[in-house]
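Have a go at each task before you read its solution.

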Amino acid sequence: MRFPTLDRFRLYRKIAGVKSCQDSNIAIDEKPARGQPPLGRHFHTPKPGAGRLLFFVVLMNGIINFPGLIDLHVHLRDPGATHKEDFGSGTRAALAGGFTTVLAMPNTQPPLTDEPSLELAKSAAREKAHCDYGIYLGAGPDNRATAAPLAGRVCGLKLYLDQTYGPLRLENLGLLHAHVSNWPSNRPLAAHAEGRSLAAILFFAALLDRSVHICHVSRREEILLIRAAKEKGIRVTCEVAPHHLFLTDADAPRIGPGRSEVRPRLASANDQDALWKNLDVIDCFATDHAPHTLEEKDGPQPPPGYPGLETALALLLSAVSDGRLTHEELIDRMHTNPKRIFALPEQDETRIEVDLNEEWEVCAANLQSRCDWSPFEGMRLKGRVRRVVLRGQRVYADGQVLAAPGFGRDITER
Ligand SMILES: [Zn+2]
């Protein structure tokens, strides 16, 4: 094990947001994964407003350790469309991308709206998942009264206020009101709400004085409305997807007419600029990993959605290199805030080891996701996950998933 040079030590302190020796309170300890040699040392740093942040830094070869990333928004297509993805391939893609927890959306076939459909997803996940996971319940026309009793078994309730892939959509205001009123106020509520739908869900959050999490915000008017709502004290949090931070509608012709279909749609450069300028309003980055096969994307009725688990971290690290984001801001949005907002459990002895200097070209054929394509195909990215340790076990190393199917745990059934 190598010890750091003084310069490197200072750099790590800077990354960890430690300004002086007085406020550093750095506790250095050795905490190797079970049965593994020590990878490095751990810095515990106090972070204002976010409690005590455990921030790992590996002091070897300039490789940095982050906490296990959390993706609040993935579509694993299981049950019902496992030719696109399933809990096995989707959680392998998650580990390759540095995510140790994923929260799976309910717009499957059948949609997850009741106990039997939820059990289908849960049994598939129990059998196949390589990383930890939670599963959302979907709000539909028939479960306004029966959803709440299932709140303890799911990571949250998903409300679809706008058109996207799958049948779940709340068409009328009364149904929306009922779902928001009935869902327990201490359990997460996540909404796909664009344009005027965003105003509607913010109104209910204010009216009922409850929290609501807005999925994949993509437009200027939306991020500004969320800013205004936060300033007014409305309990709203939000996520933005990497594809809306790194692609615009100008990229659609290059990606192709069917393949570029996504909901919310790719927005203008003006919208993209507003997302970057309002980074302080964005609580989380979530991939909205939504795989479909190339045959489907290139067919007559291309379904909306992009895969994203394996490209998200490298894209965001490129923003760190460009000076648009810091490592600390990245960890806030991919670990600390998602964990707090969704009240997710601690994953002990969990970390990801990232080589900040490794350059690689996105080649979907080499990715773990089953869908075999990426809107970022051919793009050169810098920064790659080398190893992942989850609950003390090395679960991913240099392109190989080492965790067995079924190793992943349901974060709501501990
Ligand atoms: Zn989605």
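The chain has 13 helices and 16 strands; these are DSSP runs (H or I over at least four residues for helices, E over at least two for strands), numbered from the N terminus. This is a predicted model, where local features need pLDDT of at least 70 and side-chain atom pairs count only at pLDDT 80 or more, while totals for chains, interfaces and linings use all residues. Residues are numbered from 1 along each chain as its sequence is written.

**Exercise 1.** Describe how helix H7 and helix H10 meet.

Step one: find H7 at residues 220-231 and H10 at residues 269-277. Their axes come within 8 Å and cross at roughly 25°. Axes here are lines fitted to C-alpha atoms, for helices over the stretch in contact, and angles run from 0 to 180 degrees between N-to-C directions.

Step two: name the arrangement. Because of this angle, H7 is roughly parallel to H10; angles under 35 degrees count as roughly parallel, over 145 as roughly antiparallel, 65 to 115 as roughly perpendicular and the rest as oblique.

Step three: list the residues. H7 contributes Arg220, Ile223 and Leu224, and H10 contributes Asn270, Asp271, Ala274 and Leu275. Two residues are in contact if their C-beta atoms, placed from the backbone, lie within 7 Å.

**Exercise 2.** Which residues of helix H12 are buried, and what do they pack against?

Step one: in H12 (residues 312-321), the buried residues are Ala312, Leu313, Ala314, Leu315, Leu316 and Leu317. Buried means that 20 or more other C-beta atoms lie within 10 Å of a residue's own, with C-beta atoms placed from the backbone.

Step two: these residues pack against several elements, including helix H13 (327-341) and strand S5 (69-74).

Step three: just after H12, glycine 323 takes a positive phi of about 80°.

Conventions: A residue is buried if 20 or more other C-beta atoms lie within 10 Å of its own, exposed if 12 or fewer, and partly exposed in between; C-beta atoms are placed from the backbone.
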